[in-house]
Structure formats: C-alpha cells, structure tokens
Amino acid sequence: AFNLVFNGTNVLGGNIVKVLGTDAPFTVTVNDSGMDMTKTLGLVAGVNNVYYNRQADVFANAKDGDTINVLQTLVIDGPMTLQNLTFKAEAVNPAIRIVNNAFVAVNNVTFDTAAYAFILGASDGSSAGNLHIYDGSFHSGTSVVSVTKGELVIRDGSFSADAYNGSYAY
C-alpha cells in the first residue's frame, strides 16, 4: 500500500487524483519498477510510503528513523539539520543540492544513492552551500559530495562509491 499527498491533501494510492489544482485526472500506479508518472505528478519525494509534491511537506513529515525516497533533487536554501534519517535516490542527481550559503548539518544519516548524495553550491557558481557531516553512512554510485562552491567539513562517518568502469577523456 502507498499514499500520495498533494498540496497537503492525502490521496490514497491507485485512485484517480487531481494534481496541483488542475482538473486533469491521473491514475497512479506503483509496480516492481517503482512509481510511474513522477514528473507529471510533480512528486519530489516520499517519506516511507507517503509521497509528496512539495519539498516542505517531505521535511515536515520526516521523523527519526524514516526513509526518504528522493524522486527529484531536494534544494536546501536555508539552515537545516538532517538527523536519524535514511535517504535513497535511484534516478536523481544529486539527491540534495545546498545553495544560498545555507548551512546543513548531518548526523546519523544513511545515504544510498545512484549518483551524488550532495552538491554544494549552484551549478553556475552563483551561490555556495555549506555541509558539515558529523556521522553517518554514505554510499554513492559516483561520489558522495561534489563542491561547486562552499565548505565541506567531515568529522566522522563511512563513505563508499561504486568503482568507475569507463574511461576518462580530456
């Protein structure tokens, strides 16, 4: 079973729903391959089995021990502490981007991502992101953190990435 939450309204899975105030109905299905129509529905992430179309709802509803399934990059632009959570991201790069000189503290968090877990700063270098990792377990298919602009401080934790099997061209 799963639930969907749109603009703060809970919609039970499998129902036809109205999305983002439009009259266009969508049938939502979840199968062994995951959720279909993610971008059409505007879903950003799920907390356990409840999926949201607003990032603020994701963080507001995440409690100690919960798993956040990231469907679209979560952009943090203000101070935040991520603690006692598990993040999974299979088809999004990065899972979290920190911008606007925001300070993010991470403690006792698990990340399992197919690509970057964090990118610090805007892609054009116009703003920075600051990340302090105090503890956690981080696995990535590429690299756990990329710093475009900002500060990265690692106090403790375990880090791993998949081996790269391609070639580099310069």
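View 1. Across the chain, pLDDT averages 80, and 74% of the residues score at least 70. Keep in mind that this is a predicted model. Two stretches call for some caution. Where pLDDT is low, the predicted coordinates should not be read in detail.

**View 2. Strand 14 and its two parallel partners.** Let's start with strand 14, which covers residues 102-107. Strand 11, made of residues 80-83, runs parallel to strand 14 and is joined to it by 4 bridges. To find your place in this pairing, look for Gln-83, which stands opposite Asn-107 of strand 14. Strand 14 also pairs with strand 17, residues 129-133; these two run parallel as well, with 5 bridges between them. Here a handy landmark is Val-106, whose bridge partner in strand 17 is Ile-133.

**View 3. Two asparagines with positive phi.** Now for the loops. Asn-84 sits in the loop between strand 11 and strand 12. Its phi is about 55 degrees, a positive value, even though Asn-84 is not a glycine. Asn-108 is found in the loop that links strand 14 with strand 15, the latter being residues 109-113. Phi of Asn-108 is positive too, near 55 degrees, and again the residue is not a glycine. Why point these out? Most residues other than glycine have a negative phi.

View 4. Pro-94 belongs to the loop between strand 12, residues 86-89, and strand 13, residues 96-98. For comparison, most peptide bonds are trans.

View 5. Which residues make the nonpolar surface patch? They are Val-147, Leu-152, Ile-154 and Phe-159, and together they make a patch of about 310 Å². One of them, Leu-152, is part of strand 20, which covers residues 150-154. Leu-152 counts as partly exposed because its relative accessibility is 32%.

Terms used: Residues are numbered from 1 along each chain as its sequence is written. This is a predicted model: local features need pLDDT of at least 70, side-chain atom pairs count only at pLDDT 80 or more; totals for chains, interfaces and linings use all residues. Side-chain values use heavy atoms; hydrogens and water are left out. pLDDT is the predictor's confidence in each residue, from 0 to 100. Two strands pair if DSSP finds at least two bridges between them. Patches are made of residues with over 30% relative accessible area and no salt bridge: like charges are joined within 9 Å, nonpolar side chains (Val, Leu, Ile, Met, Phe, Trp, Tyr) within 5 Å. Accessible areas come from the Shrake-Rupley method with a 1.4 Å probe; for residues, only the protein chains shown count as cover. A salt bridge is a side-chain nitrogen of Lys or Arg within 4 Å of a carboxyl oxygen of Asp or Glu. Buried means under 20% relative accessible area, exposed over 50%, partly exposed in between (1.4 Å probe, protein chains only).
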